[in-house]
Amino acid sequence: MNSVSVQQSRLFFALGITSLVLWILSFGPGLFQLSSESGIRSIQHHLFSWLCHQDPERTIHFHDHPMAVCARCFGIYTGFFVGLLMLPVASFWLKYRFKHRLALLIIVICLHFVDVTGNYLGWWTNTFASRWILGFVFGTACIALLQNEFFKKHGDIL
């Protein structure tokens, strides 16, 4: 049998739904036009508080409300979700054209380290855009690692 298993398809669908929900919740109360004192706001911010520092100076405001995550984390969630949507199409290219997906993730992590270090030492100031872009690249690099979990066919070596 040379097809993707039902279990792989279900896992892909479950991860897609979970990723979509997390991405929507990461927008914070601004997405739902709720006041800052809303109970939903505290739930969203509490949900992400163990994953993100939620520094107000590094958090994008959406409809005049701080998002539930910082710009870098929002980029990670966005990149992961978009990468997951693109994975069925990109899986062929990833398998046959780019066999060093782990190296890609290590390079992206090094870029984050360089960005944070350069900002800390005052060599440059990273912005919402630079944080979001690096987060987006990291999220998509994580998805590249998962390609075999969802689209590896029986008999495939990689």
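Which residues are exposed on the other side of α1? In this predicted model, they are Val6, Gln7, Arg10 and Phe13.

**The chain as a whole**

The chain contains 5 helices and 2 strands, arranged along the sequence in the pattern α-α-β-β-α-α-α.

| Property of the chain | Value |
|---|---|
| Buried residues, as part of the 158 residues | 37% |
| Contacts between residues 24 or more positions apart, as part of the contacts with a separation of 6 or more | 71% |
| Carbon and sulfur atoms, as part of the accessible surface of about 9,700 Å² | 71% |

**Helix α1**

Helix α1 covers residues 6-26. The buried residues of α1 include Gln8, Phe12, Gly16, Ser19 and Ser26. When the helix is viewed down its axis, its buried residues lie within an arc of 100 degrees, so they line one face of α1. Val6, Gln7, Arg10 and Phe13, by contrast, are exposed on the other side. After α1 comes Gly28, which has a positive phi, near 80 degrees.

**Asp115 in helix α4**

Asp115 belongs to helix α4, which comprises residues 101-120. Is this residue buried or exposed? Asp115 counts as buried because its relative accessibility is 7%, and the cut-off for buried is under 20%. Beyond its neighbours within four places in sequence, Asp115 is in contact with Arg72, Trp124, Asn126 and Leu134.

Key
Residues are numbered from 1 along each chain as its sequence is written. This is a predicted model: local features need pLDDT of at least 70, side-chain atom pairs count only at pLDDT 80 or more; totals for chains, interfaces and linings use all residues. Side-chain values use heavy atoms; hydrogens and water are left out. Helices (H or I, at least four residues) and strands (E, at least two) are DSSP runs, numbered from the N terminus. Buried means under 20% relative accessible area, exposed over 50%, partly exposed in between (1.4 Å probe, protein chains only). Contact means heavy atoms within 4.5 Å. The expected span of a helix is 1.5 Å times one less than its number of residues. The arc is that of the directions from the helix axis to the C-beta atoms. Accessible areas come from the Shrake-Rupley method with a 1.4 Å probe; for residues, only the protein chains shown count as cover.
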